[in-house]
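Subject: Structure handover

Hello,

Here is the structure for your files. Please look it over before reading the notes.

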Amino acid sequence: MFFYAEFLLLFFSLTSVGAYFMLKYKANRLVLWASVLMMCGGLVGLQVVLEKGWLPYVVEQQMSSIIIIPSLLLTSLLNLAVNTIPYYVIAVFYFLYNGVVQQQRWLFLSLSLPIWVTLIFQTDLLENRVNTGFVALWGLVYLVVTVYLAVRFIVREQDDKQRLIHTSIALIFLIPVAILNMYHFSVAPFSDQLLSMIPYVSIAGLLAVAFLYFRDAFLGVTRKSMHTVHVGTGLIHHSLKNAIGKIKLNALNIRKNVQNGDYAQIDTHVDNLLKTHEAMIATMSTISHVVSSKIEPRKEYANLADILDEVLEPLGAYQDIQVVKHYAPITLFIDRMLVMECLQNICNNAVEAMKERGTLQVGLEVGRNKAKVIIRDTGQGMNSLQLQNIFEPFYSTKHRSGKHFGLGMYQVKKVMGAHRGKAEVKSAPNAGTTVMLTFQYKKGSENNE
């Protein structure tokens, strides 16, 4: 009974935690694939209980075929899933984690081919039999590639703390998959010993995930409920503290000028006080506007090319930035000011990423019912963890200052959502960044509502 209790605990713990992460951080693709891997580990527990306990029991009791056949098919499908899908998931996870590729469908489909071959040619669902020898061979190839990607990422990391986190992630997810591969190559009694290790290794990995998560070090995600509040209020506090310091300094200067009878300088300090007041109001207004729960766009027909020209025109002041335009006039039904703010945020980010030196390409692709703005820069780019969190509020890859609150791309996503559009970002370290904004558009018609 203890044997089955272990695997039931494995099933309930890993599937529930995996489902929690999947639902809470569904926009983060790294967390999504990590969640799938955790749920696969949980399904191992269910599959073992069904195969070793429930299925023999219903057969021995000679229960109705209405119970036996579904039980057999469910066990067989789980057997196929838990023996094949983890190799696929860990490979996809590390291709994304390593920043080698973005969300390319062709790659993901290609990586899934061995699973389909196993299902069609190497599986007998009615006999609950999977050719584990065949799975072991292609699974080993996937495992070797994944280990290479994991080590490559760890070695390239310059920060010791981040290297430790990357190593922890690798151990958490690679060790169970490595045990699975050893299990496929082994025979009894060694295979039974490996099977008995799975609950302990998986639970240990789950505890490690929990530790990293509560330290805000799990795949770049944070516990939004409190972390966002802490970071947001910290940034506001930092900005207001600087402003209050300027007010105090100017007040002391005014007092000093009055005491010395130097009234000519008072106007300068009063002007500084007024500018500080305006900056404080602007800061609070920006934060209030961006984090408001809902955006109500005031749509009108506007020429997107004109908006792009207006946004890009000031960049002419940067002599070392070349702006390349590839777009023609197109009329969309949008909130002109909100879209302009988005484009300005993106272009300002690009200028900072390029350190005011590089090439900014702005293009427009028009399809049958979509119009996509594509903005590419030649800046420093982002790693996979930064990329997964780029749309989070108060998340910024820039040096913290009173000017950078990490709200720019969060605002972009909200605005595009209000337009029933989509915002996407592709990037890699030292390879620049590409931002794509997709708007709804009916070709040949002015009605783009």
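Predicted model: local features only at pLDDT ≥ 70, side-chain atom pairs only at ≥ 80, totals over all residues.

Residues are numbered from 1 along each chain as its sequence is written, and side-chain values use heavy atoms, with hydrogens and water left out.

Helix pair. Helices H12 (residues 336-353) and H14 (residues 408-418) pack with axes 9 Å apart, at an angle of about 145°. Helices are DSSP runs of H or I, at least four residues, numbered from the N terminus; axes are lines fitted to C-alpha atoms over the stretch in contact, with angles from 0 to 180 degrees between N-to-C directions. Contact (heavy atoms within 4.5 Å) involves residues including Leu338, Cys342 and Ile346 in H12, and Met409, Val412 and Val415 in H14. Buried residues (under 20% relative accessible area, 1.4 Å probe, protein chains only) in H14 include Met409, Val412 and Val415.

Buried residue. Asn83 lies in helix H3 (residues 65-97). Its relative accessible area is 5%, so Asn83 is buried. Not counting residues up to four places away in sequence, Asn83 touches Val135, Leu180 and His184.

Surface. Val117 belongs to helix H5 (residues 113-121). At 33% relative accessible area, Val117 is partly exposed, a class that runs between the buried limit of 20% and the exposed limit of 50%.

Regards

Notes. Helix = DSSP H or I, 4+ residues; strand = E, 2+ residues; numbered from the N terminus.
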